[in-house]
Amino acid sequence: MSILTNFSPHKYHGEIPFLTYKLKSWALNQALEHSKRTVLLALLVTAFIGSGVRFIFLDDNIMNTLPKDIDSRRIWDEVIEEFKYTDFFFVAFGNPNEKILNPDALAIAWELTEKFENVSQVDEVISISTLNRMDSDDGFLVVGDLMPHKNMTEEEVASLSDYLKNNSNISSRILSKEENYINIIIRPKSDNDFPGLVAAVYDITASYQHQFEFHFGGQPHLTGAMPELIKTETQQLMLLGLFIMAAILLINLRSIPAVGMVLSVIFLSALSMMGFMGWVYHLTQTPRFSFSMVNTSMPIVLLTIANSDGVHIISRFFREARKHKDVKKALTMTMNQLMLPVFLTSLTTTAAFLTMVSSPISTMTGYGATIGFGIMWAWVLSSTYLPAVINLKKWDMNNAAIKQPSILEKLIHRFGRSLLNYPKQVFLTGFLIVAVSSIGIWYINVEVNIINLFKPGHEIRESTLFLDREMAGSMNLILKVEGDLKDPEVLNKMIDIQDYISAFPTVNTTFSIADVIKEMHKSIMDNDPAYETIPDTRGKINNLFTMYSMSGDPDDFEALVDYEYETGLITAMMQSVSTKEIVIMADQIDVYIEEMGTEVLTTETSGMMMFLKDFTTLIVQSSINSILLSIVIILFITWIFFRHWKFGLLSVIPLTSAVILNFGLMGWFGIDLSHFTALLTSIIIGVGVDFAIHYISEFIYYSKNGIGADEISRQVVDDVGYPILLDVFSNMGFGALIASSLIPLVHMGGLMIFAMISTSLGTLTILASLMEINKHNLIKLGNG
């Protein structure tokens, strides 16, 4: 006779629907009676799902995270369609304390420019060897090459140097302030392959790095370099974290096979999750399921949740085996008791992640759905594969791992007795800690400037700061201007806007078609600085363009103005700034333009600065919506399964307090809220509700089985507290992320540790003490 025939759903969980009981009985029967077949089937299905990893598409373009209907994205798309791609890749080379304007260095600038132009991802290269110079010949405008040939004489270099000194609007873009570095500006064709562009530029410059220092910057560089950097660091730190996790599990479980079983569930779950993402992208081609920088936290999130399922089952099996000395009976008792709470924690956590589908950030949709699938597959493996593997192992009932309680078991036993002797004091202490922490929420700083993701001293950060300090900058602001761009009034208003923007300390230079007209006007007047102005009539402006076309190429202006001279661009090159500064600057620019009046021209603002401003808003909006919606959904799911609103309310208390603690302490300790750290909310919700559901489920189980009010809380703490603490300590391994060179991963490592501690203490202190205080009423509800 199967041991399952002794199981009654009413004896264990009267709230389990009949169909749920039948499904549970069937799954347990398959695991116990057909263990080898169950393991083989689980591995085959996981292998098939996991095979989708080959279809994963890496995409780290921040633009693709923004909805297409927000202003900065809409304007950006219009600018690219009408003009050219306006985000630049900067390559600066030179040596400190050495003048760069010499024949040898200029020849190398020529060589590099030619090589960059041959890269398939490059549309245009703007450098000292490709720019034009404008001079006057008896009142006529003469357009020539700034560098007429590769091998310049000393006299030609001197002439070039003088010209640049008299034309700061050009020199500021291609020459450092001390004239010891040349800046080569690469305009990509599109944002489709920044990693390939970065790899090509690195390869070209490698052979010159014994002669010069090289500094790389710009959004295409950051976006292209980040995937490999994140991939390498995440892999290394994850392996270190897993090693620490395995060591902690081994110390407490004292069984290599048991640790291997827990880790196998984690690995198979992670493989299926990534495979699912690849399959969905392959079948739908939707960018929502592309793998971006935001998605790097997915494996960490899933590992914490899959680890929790495995730890609860293995630790409970050891406790039951210690009591019954029989593998099948111990396994049956374990799964009968845990299958529902494990399913419920998986369901509620998946529901919490699926709230990300409502996020305005497109990649968050794929993030939530992918992790949701991984969590549910971890539940399938924990309910079938794991008990089958446990059943196949020949366990020695006299082994210390089974026969003797572990260090954490003894610790939680003592902790439980101390805690439950003073429930009111414990609850009040926990409540006060949460209340004080909540004040820190008002001090949270939202920061999504990508350069601030790197620690001081990191090569990418230092190169970007060098470009900000010595060159034109690494961030841009784009103003799309519509009006008659041959009308002196319109052009002068453009100059006024540029002057206002240039007054900001973080703006290094601005340029537009108006600057070209001023330069042409000065050039035909024998380079007299007094004529570096907009001519006073439309006819004179037309004459300048006519003269330019006689010796120059009118297409030189295609990145500044359209063919009809009705739409143009003002580009401001600026330093990398904080999100707070971005918001202030954008608002002040909008106010200035509105006060200036827009009778003869209209402007719309876009560019990386505006992307970051909009991204900031979306991050905050997404985090708040996800938190509130997740808590409401979890409350209703647990209310339905536990059949009373009080149990539903109790289930969200630990995670609500942990969320408040998390964001409050972020404010107190100055940890920025970024798209990385905002995702920590998901970990807290997933793990927090996991612990709470196990605690409440165990309480209801014992209330139905006649455990008295004097013993019930102690028994629950003994049974649930050990796997909770083991889960917490084993997940401390991901504190290895603190060693990352990426600041958000450092914060994520620290917040992971805090999240595990806060959620476990929220369950074992606030929830446990509150249920102990109200235990008589709750026992009645549990028996209802």
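Predicted model: local features only at pLDDT ≥ 70, side-chain atom pairs only at ≥ 80, totals over all residues.
Helix α9 gives the most to the lining of the second largest pocket, with 9 residues. Residues are numbered from 1 along each chain as its sequence is written, and side-chain values use heavy atoms, with hydrogens and water left out.

**The two pockets**

A pocket here is an open set of points on a 1 Å grid over the protein atoms alone, where a 1.4 Å probe fits and protein lies on both sides within 12 Å along at least five of seven lines; lining residues have an atom within 4 Å of a point. Helices (H or I, at least four residues) and strands (E, at least two) are DSSP runs, numbered from the N terminus.

The second largest pocket holds about 720 Å³ of space. Of its 24 lining residues, T234, Q235, M274, F291 and P299 are the closest to its centre. At least two lining residues come from each of α9 (219–253), α10 (256–284) and α11 (298–324).

The largest pocket holds about 990 Å³ of space. It is lined by 46 residues, and those closest to its centre are L131, R173, F511, V516 and L560. Among the elements that give two or more residues to this lining are β2 (122–126), α7 (168–174) and β9 (567–574). The top contributor is α19, with 5 residues. Domain 2 (89–217) and domain 3 (461–606) each supply at least three residues to the lining of the largest pocket; these bounds come from an automatic or database domain assignment.

The linings can be set out by class, where Ala, Val, Leu, Ile, Met, Phe, Trp, Tyr, Cys and Pro count as nonpolar, Asp, Glu, Lys and Arg as charged, and the others, Gly among them, as polar.

| Pocket | Lining residues by class |
|---|---|
| Largest pocket | 19 nonpolar, 12 polar, 15 charged residues |
| Second largest pocket | 16 nonpolar, 4 polar, 4 charged residues |

**Two single residues**

T86 lies in the loop between α4 (71–82) and β1 (89–94). T86 is buried (under 20% relative accessible area), with a value of 4%. Leaving aside neighbours within four places in sequence, T86 is in contact with W76, V79, R187, N476, I478 and L569, contact being heavy atoms within 4.5 Å.

I584 lies in helix α21 (residues 579–596). With a relative accessible area of 45%, I584 is partly exposed, a class that runs between the buried cut-off and the exposed one of over 50% (1.4 Å probe, protein chains only). The C-alpha atoms of I584 and S308 are separated by 44 Å, and the two residues are 276 residues apart along the chain.

Technical notes:
Points joined across faces, edges and corners; volume = space filled by probe spheres on them.
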